[in-house]
Amino acid sequence: MAPPEKRRRLDRVEKACNLCRSRKVKCDGNWPCAYCAKRDLQDSCTFALTDPQQNTPGSTSSPSNNHVRSEPLSGLYQASFGMQARRGTIDSLRESNQDPHDTVVPLAAQLLRDAEGKVVFIGDCAPLSFLRAVRQLVTPDIDPDGGFSRACQASQTSDLVRPGEEIDDDRPWPEVDLSALHSWIDNYSSATSGLVDIFDIQTVSADIQAWARRGAGGTDLTAAVHYLVLAIGTQETDDKRSTKWFIHSKRILYEIFCDNMNIQVVQGYTMIALYMLRDFKPNGAYLFLSLASRSAYAIGLHRAEVNASFDSSMHALRDRIWKSLRVFDMFISCLLGRPPSISDVDDTVRGKKTDLTDFHFSILDASVSFSNIIEQVVVQVYSRKHISMRIAHFVSDQLKEWASVWLVPLMHILDKDQLLSQSAVEVSGALQVLCSYLYGITLLARPFLIYDVYDSLGTSQMKLPTTQLEERDKKKFADGAIDAAITMVTIANSIIRAGKMPALMPGIVSWLFAASLVLALGMLGRYGQALEDQARMSIRCLRHFGKVDPHAKQYSSIVQALVETAVEHIRRKEPQFRIRLKQASSELFGLNPTTAQTVLASVHSGDGIEAGPLQAPRTSQVDETPSAILPAQNPSNPFTFPWTAEDDQSLQEFLRPSASHLGGFAIEDSFFPIDDGMTAFLNEGIP
């Protein structure tokens, strides 16, 4: 009987793309794969760096690992971080094909308590998690007085409550002042520019004016949307009026949320999220943005083909609302360190690319384009806790491509010579987008900066053997983080000096806080006091926002303490540096006048040289002097013929390179222009 024919084994690819995995279709493993390329979904063809279903060997859970500890945090999140943070190790990588020289992203996420004592989660990419990493680096050796630690632990909860009286629901709602209506709508446009663009501002302005002439009021969705626009527009100038309008609008949306799902519901919950963010309640903003995004999914805003079925004006509005949700979602994700809620592969609106042949600058399009890039940093780097030079260069190439399209028009708006002629809406939007871009650079390069500072302080315990090229690349990314922080601080300072900076901009405050931490951290590393002026400039910028933003005020105090700690640390290092120089010169050349005079005096007096056999030798000054400064006994002369082959090959290769080019200079530039024939004569003699 013939043996049964063996079943042919199907070829399996090593890894399928995320889209094929979610739809359970066969993937060829290429990029873009055949499935995504056939459906014009190249932008959605992404590959996860780790397998979420794969367990790391030896990663069994234990009660100690499952126990979550929450810590208090002052201000928005009380900054009393614990000094013991989890650290990533090379052994914790989940893929066997990872480069062993990859940089591991520090794991600093934890549960923290807000100003009201409620527990919130702060992820690794949030600016406050960066503060935790800085606190871990600032050891008692760097901060012996504990000034920076006390500044972080300072509890100023009472200062974080916005001033204002209790709102009485029985009072009549404030009337809409027609004379101030135009300025309120302009304030709304400035507050939302670069972050959300969910209206045709001219259309909504005309609708609100007509509604106000009819006496305003109402309990329908249209009234709720109009009240929310005015609430955001008056939030900075009239907090009492703004709060009453906000409460009334939120109550309307609560009552008709499930009964009538339409675009106004999405717009309403988006504005509630924005209002709460500007009211220093980012956790509430995160929750209401989720409601807005789920409502958008319910009416199909995420599908380009659905939006295209409407007329041109409605089509443009639906696309604009979905793009705004996308941008706002990534902003909240970076701010709180949480995964984005709008990252479904079914999203076909964000896959549309900018047509550069008919390019028209749009702040919203610039924000959307950047959000697609920063998502990779948030998800692939910080959520998966790992970064390599390959990933860093891949994302940096995308950032360069983005900058080649959008950076010039943004910088033109923010140019200090053009600021006075630009509108507040344009300046606010351009600043929001540019600061997000600069924060994205610091976010990508942050692990390399921390690595570089640890290495400069001599406290790195995870450094593996690497090539000079790899070390240079890591330092280059660290330099990029520093330069991005300097650029952000310089631009913000110029806008403040020009009087064009609104006082209530929580997004700019968060990115500016991260930039100030980068500069202060750089001072502890190899950059030293070269960054002191820029770091103090960032403190002044934070204090500008601190006039109305209590968190900016607290952030400025934390950065101030860190800068003073860094300056004092640098000053303490100067005597140690001089001691090290003197020790080297003394050991090599005897270049220490005090020691040399002591040695000569002791030798001439014969102190400690002639001791009798029954007499203990006297303690002399010669014994207290480092023996290395004394001349060696009968040293061999290295210049006697024949010369020995004791050359330092690496040094000789630099001084007289054998290659055509070495380090940027040619062979003609050799420091030892000695003829090879002379070398042969000295070593081999006359034939």
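## Helices α18 and α19

In this predicted model, helices α18 and α19 cross in a left-handed manner. Helix α18 covers residues 506-524 and helix α19 residues 532-545; their axes lie 9 Å apart, at an angle of about 155°. The two helices are therefore roughly antiparallel to each other.

On the α18 side, the contact is formed by Ile508, Val509, Leu512, Phe513, Ser516, Leu519 and Met523. Helix α19 contributes Glu532, Gln534, Ala535, Ser538, Cys541, Leu542 and Phe545. Sorted by class, the residues of this contact are 10 nonpolar, three polar and one charged.

## Helices α14 and α16

Helix α14 (residues 363-383) packs on helix α16 (residues 424-457) at an angle of about 20°, with 10 Å between the axes. That angle makes α14 roughly parallel to α16. The crossing is left-handed.

Residues of α14 in the contact include Ile363, Phe370, Ile374 and Tyr382, while those of α16 include Glu426, Val433, Tyr437, Leu443 and Arg446. The classes here are 13 nonpolar, four polar and two charged residues.

## Confidence along the chain

The mean pLDDT of the protein is 75, and 67% of the residues score at least 70. Among the elements, α19 has the highest mean pLDDT (95), and strand β1 (residues 70-72) the lowest (36).

Two stretches deserve mention. Residues 155-161 stay under 50 in pLDDT, and the model gives them 14 contacts beyond four places in sequence. Residues 606-630 are also below 50, with 20 contacts beyond near neighbours in sequence. Where pLDDT is low, predicted coordinates should not be read in detail.

How values were computed:
Residues numbered from 1 in each chain as written. Predicted model: local features only at pLDDT ≥ 70, side-chain atom pairs only at ≥ 80, totals over all residues. Heavy atoms only, no water. Axes fitted to C-alpha atoms, helices over the stretch in contact; angles between N-to-C directions. Helix = DSSP H or I, 4+ residues; strand = E, 2+ residues; numbered from the N terminus. Parallel < 35°, antiparallel > 145°, perpendicular 65-115°, else oblique. Left-handed = near helix turned anticlockwise from the far one by under 90°. Contact = heavy atoms within 4.5 Å. Nonpolar A, V, L, I, M, F, W, Y, C, P; charged D, E, K, R; others polar. pLDDT = per-residue confidence, 0-100.
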